[in-house]
Amino acid sequence: MSSAMQFYVSTLLVYAGVYIIAAWGLNLQFGLTGILSFAYILFQSIGAYLAAVFSLGPPASRADVETYAFGANLPFPLPILVAAAGGALLAAVLGPIVLRRLRSDLQAITMLVMSLIATDVISSDQSLLNGATGLSLVPAPLSTVLGLSSLQYQWFFVGMVAVICAIVYFVMNRITSSPLGRALRTVRESERSAAAIGKNVFALRMRAFIVGGAIAAVSGALLVLFIGSWAPGSWLYIETFVLFAAVIIGGSGNNLGVAIGALVVPVGSVEAVQYLPSFGPPGMIDALQWVVIGLLLLLFIWFRPTGLLPERRRYFPVSDLRNGRQAASEADR
Amino acid sequence: MNATHHMRFLVPVVSLAILVTTGPGLSSGYARSPSSRVASSSRLVFETFEPYSGPDAAFGPLIQAGCFPAARLMNQAGGIGGHQVACNSTDTKGDPADAVPAARRMIATTSNLVGIIGPSSDESTATIPVFQQAHVPFFTNAGQAIFRQDSSPYFYRIYPPDDSAGYAMAVWGHQKGYKRAAAVFGNDPSEQGTVPTFLKAFTKLGGKIVSNQSVALDHPSYRSEIERMLQAKPQVIFTEIDPQTAATFFSELQQLNGSLLPIIGADPTLLPTWFGPVAKAIGTSNLIKYHTAEQPATPASTGVAWHTYNGALRASSADIRNPAQYSSNYTPEVEYDSVNIMGLAMLAAKSTKPSVYNAYITRVTAPSRGAVVVRTFKAGKAALAHHKRIQYLGVTGPFLFNRYHNAPVRFEIDHFDKKGNLVTIGHVTAAEIAAIIK
Amino acid sequence: MDLFMAGLGFGLIAASIMALAAVGFTLQLGVADIFNFSFGAVMTASALAGYEANAAGLNVWLCLPVGAAFGAALSVCLNRAILTPFMHRGAGLFGMVIVTLGLAIVIQNLILAIWGPVYFTYQVDNSSTVRWAGMILTTSQIALAACSAAIMVVLHLLLTKTKLGKAMRATAANADLARTSGIRTSRVNDTVWALSGALCGLGGVAFVINTVSFQAATGTDYLILVVAAAVLGGAGQPYGAMIGALIVGVASEVSATVISPDYKDVVALVILIGVLLVRPRGLMASVDLVQAGGEETIA
């Protein structure tokens, strides 16, 4: 493989990893727990911004290039951990506002509105995170220490993303197959039943919201450390829609399915259209790509609402039925 | 259950197929190009790496409009070293996160990629390192001031940085005697790039910014913003906002103030896409009367270079929507010149290998004793065939690259005529701009 | 004070235009129980229909009925061909939000693909400026506001004085009960989509008469303010939507003059979130939008 091809393939692999991690976080919030998390991209974005400012160094050191409110030069992997904490914290703050009292479609709208407010504020205020221009020239982690060639570094980064993917997958699998996962599915299927068997619905949803937020933030941190820039144009609300499409098409609730969805929608569809024979004026294909994603989503909801790889049906021994409606509602699926 | 089992088997196969077809290997057969009607592996490809979708979707077609006429003329002149030339496009979506994989794909899968036009300000900092690694010359239209000192050998910028556009606007406003100015700029990366130096320079020249607004683009109305601005009693408005915002903003200004105020715009306000909606909104005669704007200076549209360019441009209607609209626009002209410079450097180097001919880019543009001054690719090719040294001037030259491969630029001040063509009414020299930067 | 009064005047105009769309949106939410994200894309499409009529030589004011007719037709078609079938197939509240969002993206990008990344501009005659009590308005804006007010009155009469209006309100309150009382809810449904679609189209064209210029994403961008107005007033409540539009319009314009124009949307949206937190039903709600443990299905 030529080195240009290696650069390309390794870049795609990093993006695939980033999108898979992001889709898993959304799967936890939406697929497993049923939260219509329309501010999801905010979690990815806060992770990216935090990883960036905590790699760039104090604002004064970069005053000639960009302005931001705070920052430090933390050693790897602290920027990623700070990002995860930031994503969790954002979820902990937003959660009580939206998850407590509103009907689900109003929750969705409230979160969408929050996403728009954030875009407006960050774009308008130059001093916070360099406004609409965004942050750039974020140093690549460990690049000076490792002494690798740039191609070797690409593969190093692929390896790092793969390891983090594996960790997140492990966490996700533990959650889905644990009693917590069962409780979250119960909340999704019927809040009333969950409450009836003594589950604290709000606390359960908050847990999924916070862990999902942290996972999204990690994906954002990895992306910004790889490409070195982050701007409001990278986290418009439409990006949330893309991830929802990935989760639904892949198989809401199924970790492997969602990973496949992430490969098919954000990574696959963008790459695939580039190899179509060209037609129409420049830009037409790029608009049609969105049309295709939208139609694909509609077709899946119609013909295969469970996605490419449906969530596993779960059956429980009769003895479990004594524990109330929980098991019954699981088996109903 | 059966269906599920079926899918279990099917899914890995399908996803593998997607990965294989989208990934390496099978891909180089198609080049996305309106002009590459015949896929031929020996064609030399110039890629326009710009936004074709997203908020800055107008950039791509505008910039690519310079490549097609250059390629057309090169092919008519017999191509380069026996190769035909083609123009391709790659969409960055105006977002660094989308642009990086697009750049990697472009480099990995375009056979015979010899030169790049781009990136724009939107994705420059994320993708310039990628091009640097690929050892392919790129002529960027990114406006960031940090690239004044970019030391990468494959970087070239003929297009002036945003900050000097800000200086040019301030100098012109000062020369016209305005003391109280309102600044109205969109809250968008490309529009915000101009603001800091404009504010600094106008104040330094003794003027006062009485109102400074960064407006959110494409809103239903700006009456509140306008009323606020009018309270500060400005004599002139300095602006860079997109066409839709401008149409709304200036028509409302007209209503609220009874008439417009003088408007001094940045170069995007001279684009045909800006003229149409704004002229319709406030009336063409008002637009002509009140609006002027800077753009990098080009020689009067009369010389042989411009006629050659314009002829080829108008003949490219198969590739460009309504090509005549770009006739007097700086941006496609400068991209046309960029492609010609790269082509001539290949001929001078007797190699189409980017890492080899790169060293000849400054050589075919620098003035030197005995160099034949050429204004078209064809003339340059003929002179090089006779083993002469050349200096390419093209439509927008001379190109005096400094050690950072930036070329200093003189500005002209234009306004529209009734048909939307540009009329030049003044100049701001590179020396005048250098004087304020100090 | 001058600035405040000027802002108030602008806010009233913005509100009267927003009310058209907000009432249309809230009717769909109340009667059809669909949170229709594609409403903004239909506004853009209607404005585009108005643009084509205008470009063909039709006076810009006559484009209003063109937009209304187009919006009504498109909305009925979308509902019959896509939305109702999806609902019958069991897509719940969640599912319909995703479906309509997908639809919005499809419509908006089809416009982009066909017409390209261009700005559409109406040919609007110059109108004169009227100054009154610190407010500065143009005659065309006053005409738009008057049109909007007249439509609101007609709507009021329709909802309260006609059999159709009563059937609509009954369906909104309880569709099953309405059906068992002999109301043909499917016909009511069609009427609601036609009516709300007409308001959507009117809103789209009126919006562009005021702004002059638009592009493929304009309606979807504007939708969020429309939704804010509708939800603020109490989802499903036509009168609530009018009040919501008034609050959103005036608050954003006054804040732009008094505080800073950078955050005019932010102010309106923060008000929305505030109201939802204090009164989750909105200002005038009767439809039960509070989560009382209602069963919902996922797409």
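In chain C, the hairpin of strand 2 and strand 3 has two residues between the strands, and Ala133(C) takes a positive phi near 50° there. Strands here are DSSP E runs of at least two residues, and helices are H or I runs of at least four, numbered from the N terminus. Strand 2 (residues 129-132) and strand 3 (residues 135-138) of chain C run antiparallel, joined by four bridges; two strands pair if DSSP finds at least two bridges between them. Arg131(C) stands opposite Ile136(C) of strand 3.

A word on the model: it is predicted, with local features needing pLDDT of at least 70 and side-chain atom pairs pLDDT 80 or more, while totals for chains, interfaces and linings use all residues. Residues are numbered from 1 along each chain as its sequence is written, and chains are lettered from A and ligands numbered from 1 in the order in which they are written.

Now to where chains B and C touch. Chain B puts 28 residues into the contact and chain C 28 residues, a contact being two C-beta atoms, placed from the backbone, within 7 Å. On the side of chain B that touches chain C, these elements each supply at least two residues:

| Element of chain B | Residues |
|---|---|
| Strand 7 | 208-215 |
| Helix 8 | 223-231 |
| Helix 9 | 243-257 |
| Helix 10 | 272-282 |

Helix 9 of chain B gives the most to that side, with seven residues.

Chain A, finally, has 15 helices and zero strands. The C-alpha trace of chain A spans about 65 × 45 × 35 Å along its principal axes.
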